[in-house]
Amino acid sequence: LPKPISFQMFSDVMELCENQLLPHTVEIITNHRKMNIDTNQLVYLETLNHNIVFHLENGEAIELYGTLSGYIGKLNPDCFIQIHKSFCINLKHLTATKKNSVILDREVELPIGRSKKNYFFGKLQAYMRSN
């Protein structure tokens with residue numbers, strides 16, 4: 001950091017370090033068992049019949065009762081974005097975009113909702129600039 005260091009500059013750098021160095025997990029409860037999921041391993045979340053399905057990098061899918069909005073609040077808003085009323089993706093696992101869909105690891109293609117399209121592409125540009 002160049003001197004003099006402002007509080008805002010220091011705060012921004014510390015937040016960046018925290019995001020890159022600390023392990024990020026989200027706690028879920030399934031079958032009366034608590035689990036911590038590494039958010040770097042989380043590819044996307046999906047709502048399905050009042051349940052949330054956590055799709056992991058290794059192909060595993062963990063299903064539990066809950067709402068998408070309830071879990072989105074627990075995730076890093078710089079990396080996770082809701083692209084559709086039923087899907088929230090981890091931008092770290094995004095491999096390509098199309099006009100109306102995204103392609104994630106393992107060639108998973110998900111639709112982008114019309115109302116989320118401009119927001120998604122704006123967040124994607126910000127994410128790409130910061131990485």
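Let's start with E109, which is partly exposed, with a relative accessible area of 43%. In this predicted model, the side chain of E109 meets that of K98 in a salt bridge, with 3.5 Å from N to O. K98 is partly exposed too, at a relative accessible area of 42%. Side chains of opposite charge can pair when their charged atoms come close. Where do K98 and E109 sit? K98 lies in the loop between strand 8 (94-97) and strand 9 (101-104), while E109 belongs to strand 10 (residues 108-111), so the pair ties together parts that are eleven residues apart in sequence. The count of salt bridges here comes to one.

Now step back and look at the whole chain. You can find three helices and ten strands in it. Trace it from the N terminus and the elements run α-β-β-β-β-β-α-β-β-β-β-β-α. The C-alpha atoms fill a box of roughly 55 × 40 × 25 Å, taken along the principal axes. If you take contacts between residues at least 6 apart in sequence, 38% of them join residues at least 24 apart.

What about the inside? Of the chain's 131 residues, 35% count as buried. The largest nonpolar core has 32 residues, and L45, F54, I89 and F120 are those with the most contacts inside it. Strand 3 (residues 42-48) gives the most to this core, with four residues.

Is H55 buried or exposed? H55 has a relative accessible area of 17%, and buried means under 20%, so H55 counts as buried. You'll find H55 in strand 4 (residues 51-56). Its side chain is joined to that of E46 by a polar contact of 2.8 Å. E46 is also one of the residues that H55 touches, and others on that list include Q41, L42, V43, Y44, E60 and A61, again not counting residues up to four places away in sequence.

The chain exposes about 8,700 Å², and carbon and sulfur atoms supply 53% of that. Which residues make a nonpolar surface patch? L1, I5, F7, F10, V13 and M14 do, and the patch covers about 600 Å². Take F10 as one of them: F10 lies in helix 1 (residues 7-21) and is partly exposed, with a relative accessible area of 41%.

Methods. Residues numbered from 1 in each chain as written. Predicted model: local features only at pLDDT ≥ 70, side-chain atom pairs only at ≥ 80, totals over all residues. Heavy atoms only, no water. Salt bridge = Lys/Arg side-chain N within 4 Å of Asp/Glu carboxyl O. Helix = DSSP H or I, 4+ residues; strand = E, 2+ residues; numbered from the N terminus. Buried < 20%, exposed > 50% of the residue type's maximum accessible area, 1.4 Å probe, protein only. Patch = residues over 30% accessible without salt bridge, like charges linked within 9 Å, V, L, I, M, F, W, Y side chains within 5 Å. Areas by Shrake-Rupley, 256 points an atom, 1.4 Å probe, with all protein chains shown as cover. Polar contact = N/O pair within 3.5 Å; in protein donor to acceptor, adjacent residues only side chain to side chain. Contact = heavy atoms within 4.5 Å. Core = buried A, V, L, I, M, F, W, Y, C linked by side-chain atoms within 4.5 Å.
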